[in-house]
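Open the model in your viewer and keep the selection tool at hand. The stops below go from one whole chain to its contacts with a neighbour.

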Amino acid sequence: MPTLAAKFKPGDKVRVRVGSPPGHFRTPAYIQGKTGLVAAVHGAFRNPESLAYGGAGIPKQFLYLVRFEQTQVWEQYPAPLPDTLFIDIYEHWLEPA
Amino acid sequence: MHEHGHEHDAHAPITDREELTYYEKRVYAIQSLLIEKGIVTADEIRRAVEDMDSRTPALGAQVVARAWVDPAFKARLLADAKAAVAEFGIDTGSLSTLVAIENTGKLHNVVVCTLCSCYPRTILGVPPDWYKSLSYRSRVVVDPRGVLREFGLELEPDIEVRVYDSTADMRYLVIPARPSGTEGMSEEQLAKLVTRDSMIGVAKARTPNQP
């Protein structure tokens with residue numbers, strides 16, 4: 001069985017897809033549509049969207065730690081603050097930006 | 001009225017809530033079925049609860065204290081926290097992945113699970129109620145400094161406040177910054193300064209002079 005390669009690497013600019021699939025998913029609405037940078041590749045994990053319903057979670061999805069500037073996530077976030085938000089996002093929710 | 005053979009102050013009567021919530025009833029129903037079908041035993045459930053109750057923030061505190069005194073251990077902890085924590089004999093079997101994140105003079109980390117209540121239970125025990133509250137989960141991502149202020153922590157504007165939202169398999173443990181004035185203290189003494197709240201990120205570690 002061929003092992004899949006991670007689509008993204010640290011430093012890549014990525015955008016979080018917008019969507020609300022039926023059932024369980026782990027990408028919070030507040031981060032959907034936002035653009036950030038891949039901070040780390042955690043590895044491949046079983047897909048929670050399938051696991052939640054007794055599925056095997058296959059195919060595994062690569063999971064990324066993605067870094068966002070708070071001022072990019074929230075319109076009202078006070079501008080000079082260097083604050084960030086780091087979220088773990090599955091590959092099928094990310095697209096190149 | 002109750003009869004007591006021992007002396008103590010008057011207290012409010014101990015009352016149980018009379019009605020279970022919908023989800024409590026559902027949990028008990030599923031639990032009964034699982035036992036009835038022989039999938040688990042009542043004792044297995046009790047032992048799992050007992051195991052979780054036995055875990056406390058003291059486990060995490062000893063890990064942090066060692067990271068403070070032993071740079072090689074800290075490096076191992078930052079590289080692979082699950083393996084490093086296992087060096088203490090802590091059973092990490094049920095833990096998927098643990099990541100240690102370090103606070104420095106320029107960076108302050110705080111952890112949340114906006115979607116539910118993901119928390120490094122294996123090393124900190126059960127999370128506090130406020131961590132699971134809608135208020136914390138929704139507000140700390142959008143206004144972390146405001147929430148930290150409510151916990152009594154004010155951070156300078158040049159410090160990066162970094163919120164980790166544990167949305168997936170990773171569990172995050174904050175390594176608070178070692179307080180000044182702790183030179184020469186033993187690991188055991190240092191561990192007493194490491195609080196649960198400092199390992200979540202809503203507080204700094206205690207200083208030696210704090211009561």
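The tour starts with conventions, then moves to selections.

This is a predicted model: local features need pLDDT of at least 70, side-chain atom pairs count only at pLDDT 80 or more, and totals for chains, interfaces and linings use all residues. Residues are numbered from 1 along each chain as its sequence is written, while chains are lettered from A and ligands numbered from 1 in the order in which they are written.

**Stop 1: chain B.** Select chain B. Its C-alpha trace spans about 55 × 45 × 40 Å along the principal axes. It holds 11 helices and 4 strands. Both are DSSP runs numbered from the N terminus: helices are H or I, at least four residues; strands are E, at least two. Of its 211 residues, 30% are buried (20 or more other C-beta atoms within 10 Å of the residue's own, C-beta atoms being placed from the backbone).

**Stop 2: α1(B).** Select residues 22–36 of chain B. This helix has 15 residues and reaches 21 Å from first C-alpha to last, close to the 21 Å expected at 1.5 Å a residue (1.5 Å times one less than the number of residues). The count of buried residues in α1(B) is 0. After α1(B), go to G38(B): its phi is positive, near 75°.

**Stop 3: the side facing chain A.** Show both chains. Here 17 residues of chain B are in contact with 17 residues of chain A (C-beta atoms, placed from the backbone, within 7 Å). Which element of chain B supplies the largest share? Select β3(B), 160–165: it gives 6 residues.

**Stop 4: across the chains.** Finish on L85(A), whose bridge partner is V163(B).

Key. Buried ≥ 20, exposed ≤ 12 C-beta atoms within 10 Å, placed from the backbone. Contact = placed C-beta atoms within 7 Å. Pairing = 2+ DSSP bridges.
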